[in-house]
Every structure is written in structure tokens, then in C-alpha cells.
There are 2 protein chains.
Amino acid sequence: MTRAGLNPDVVLDAALTLFARRGYHGTALSEIAETLQVRTPSLYNHMGSKHDLLLRIVDRTTAGVLDDFHRVLDPDDPPAEQLRRATRVYAHRHATHRREALVVNRDTSSLSEPAFGEMQARRREHEHALRAVIARGVEAGDFHVESPALASFAIRELCVSIARWFSDDGALTAEQVADQYSGFALRIVGAS
Amino acid sequence: MTRAGLNPDVVLDAALTLFARRGYHGTALSEIAETLQVRTPSLYNHMGSKHDLLLRIVDRTTAGVLDDFHRVLDPDDPPAEQLRRATRVYAHRHATHRREALVVNRDTSSLSEPAFGEMQARRREHEHALRAVIARGVEAGDFHVESPALASFAIRELCVSIARWFSDDGALTAEQVADQYSGFALRIVGAS
DNA sequence: CAAGCTGATGAACGCTCGTTAGTTTGACCG
DNA sequence: CGGTCAAACTAACGAGCGTTCATCAGCTTG
């Protein structure tokens, strides 16, 4: 191991923390370097560019969201259980991956093409998948909402907002928050 | 009226649009100037500084939120009606003042003291006031939630998120969205 | 029509940014 | 112990930023 012991993961993690706190444009590479007790140019031994850091963060996170969704969704479950599981895992991720969520939801617009387009496509895929669950619940008479699209937006953004206030030192664990929020989701769609 | 017809309101409005789209740090004064078909230094005839623009936006918006709240809250109303009205006006504001909401929720951390502290105090005031309404509803047996704080966070952030997807050209008017979202809020707290 | 004022402008400032190049350091291996 | 190679360093770059200032244009007023 050399003097500073830097590596790509450590750099990405430090960037994640600072991007989440001050935003992508509000964070200088010199601040990331200072965090790691290293001069700025040393970072380039472990990353492509500043923009590349953002890209990797967004990519990894949006892929994780879709993975989560398809992993917990059982096609044989009734809509209420599907919605509960999909919401719980989405809420849980926003409590356990706060920094990633903050960066993705704040700085995605700083991505260049084609990364921005790909990210939007993934977001839309998750959005439509959740909307489909709600629509099935409405058809089955289990849910009661005027607009599945509106309810889907509301539930997704509800979970996203967890990243803005959750704390590991708080009164509730990530699991408890996820359980309560999935309960909120079922109430929003008017599940009996 | 002189050549370009600039004035403080026009500059603030252009800044608002660009801050909302690219963020405070992501927006250059030259871009604001370009929007107004003017050279950058001309802006200084109508503003103090870039930071001052952000400050005025945040100030005006957070004051408006508290104004709205106290204007619609009737102490004699039952908790359910109080929550409905408070949520409706908050949701409505986020549909009709999208740009302001986006800036406040993204770039507040770029404010310097004491502005940042003052803004946080106002936010907390609104948060606590809404939480109190929910707590009263729980005490009265009208609402059923484990944690009024969690429900209050959820409802507020739910409304905030409207700014992220609402469009004047969309299928729903601001009033319709506000009505549906205040319905979501009542469902979240388990109002009968 | 001349004087004066408001505001738009070109030029320039000091600074910070992301990034590159060349050099030096230090850990590892035969 | 000497050679090798990865990686951290110093120095410097070009560009863009927010901001200032002296100048200039054009409208208003007497």
C-alpha cells in the first residue's frame, strides 16, 4: 500500500458525500481531495473526470432501484401486497442510501447526453411499473383512486423525500420507516 | 424607458427560471443576461449580487408559505378540515409556484448565514404547525397514525414534489391537483 | 437646444475551477 | 540492495466565474 492508500471506491464515496451535501456544481474537486488528505491532481489516478463520478453514482443507483423492484415483485401476489413490497423496498433504499438519492434527485440535470436520457428511461420504467400495479389494484376493486398516475407519482416522491430527513441516529430504523411508508402508500390508494 | 427596459422584477424572474432549471451554482449570470438580451454587467443596475437574487427568492417564498397557512387555518375548524385546507393551499402553491419551490428545495444550502438559519426557522414553524394539527386530530380520535411527526413530514414532502412534475399544459389544473393531494393527506393520517 | 441623469456597455480585475504534464516518492520483487 | 512501477506531488494551463469601473448613449427637463 502506498502513502495515501487512495482507490477508486474511496474517491467515489467521498464525492458522494460532498455532492449530496453541496450539490455537484457546488462541490470542487479540491474539496474532495481535502477530505481524503491528498492534493487535487492525485484524484485523477483513480477517476476519469468529475463528470464521470456523477455518472457512476447515478448509473449505479438507478440500476439498483430497478433491481430492487423486480426482485421483490411476485406476479402471483395480490396488488396490495405488490404495492406494499415495492414501496417498502423503495422507501428502505432511500433511508439506507440517502446520499445517492439526494444526488440523483438534485443533480441529474447536470448529466450530459446520452447518460441523461438513459437515466430518464430507467426512472420512467420504475414509474410505469408502479403505476401498473396501482392500475391492476383499481381494476380489481382493491384500490380506489381517480388517477393511478397521480397516485404513483405521489407514492414515489413520498419515498424519495425520506432521504431528506432520515438519520441513522433518529428514533426510527430504516426498516420501521419503510414499514410505515408502505402503510402510507396503501392508504393513499385507498386499500381497504 | 431606456433601451433594454430592464428592471429588478424582470431580472429576478429570469434568475428564478434559470435557477429552477439548472440550480444556483449551475447558472451563470451571463446566462441570465443572455435571456434578457443584455450584457452581464447591466444586471448590476438592478440587483445587489447573484447571492442576493437567491436570498430574495427564498425569502419571498418561505414568507408566502407561512402567510398561506395562517390565512386558511380556522381554529374553530375540526382537525380534518384544518388539515384539508392547510394541505390544499400548500399543494396549490407548489403547482402555481413551481420555480420558487424547486429553487428553495434545492439551493437553500447555498445560502449564507444568517439567511440560512432564518429560512430553516420558517420551515420548522410550518412543519410544527402542521404537526400540531395532526396531533390534535389523533387526540380527538379523528386521525390514526403512529407518529404525527412522520405523517407531517410525509404530507409536506408529498406537496413539495408536485413542483417536480406539474405542468400548466397537463391534464389536471392546479386546483384539481390540490384537491386530490389534500385527499391523499387525509388518507395518510387515516381520517375516516 | 443644452444640461443632467439613468442605465447599458466594453474592458479588465482577481479568483477558482477542472485538467494536464513532468517530476519525485515510496512500496514491492528478484 | 538495486530496479521497477504505481501513484502522489508541484507547477502550470486555459477557461469561466462574479464583480467593478470608467465611459458612453439616449431620454428627460428647463
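Two residues are in contact here if their C-beta atoms, placed from the backbone, lie within 7 Å. Happy reading: the model discussed below is a predicted one.

Reader: Through which surface do the copies meet, judging by the interface residues of chain A and chain B?

Author: Let's start with the count: 21 residues of chain A are in contact with 21 residues of chain B. Of the interface residues of chain A, 100% are also interface residues in chain B, so the two copies meet through the same surface.

Reader: Which helix gives the largest share of the side of chain A that touches chain B?

Author: Helices H7 (148–160), H8 (162–165) and H9 (174–188) of chain A each give two or more residues to that side. By class, the side has seven nonpolar, eight polar and six charged residues. The largest share is five residues, and these come from H7(A).

Reader: Within chain B, what is the handedness of the crossing of H1(B) and H5(B)?

Author: Helix H1 (residues 8–22) and helix H5 (residues 98–107) of chain B pack at about 55°, with their axes 8 Å apart. That angle makes H1(B) oblique to H5(B). Residues that meet include B:Leu16 and B:Phe19 in H1(B), and B:Leu102 and B:Val103 in H5(B). As for its hand, the crossing of H1(B) and H5(B) is left-handed.

Definitions and conventions. Residues numbered from 1 in each chain as written. Chains lettered and ligands numbered in written order. Predicted model: local features only at pLDDT ≥ 70, side-chain atom pairs only at ≥ 80, totals over all residues. Axes fitted to C-alpha atoms, helices over the stretch in contact; angles between N-to-C directions. Helix = DSSP H or I, 4+ residues; strand = E, 2+ residues; numbered from the N terminus. Parallel < 35°, antiparallel > 145°, perpendicular 65-115°, else oblique. Left-handed = near helix turned anticlockwise from the far one by under 90°. Nonpolar A, V, L, I, M, F, W, Y, C, P; charged D, E, K, R; others polar.
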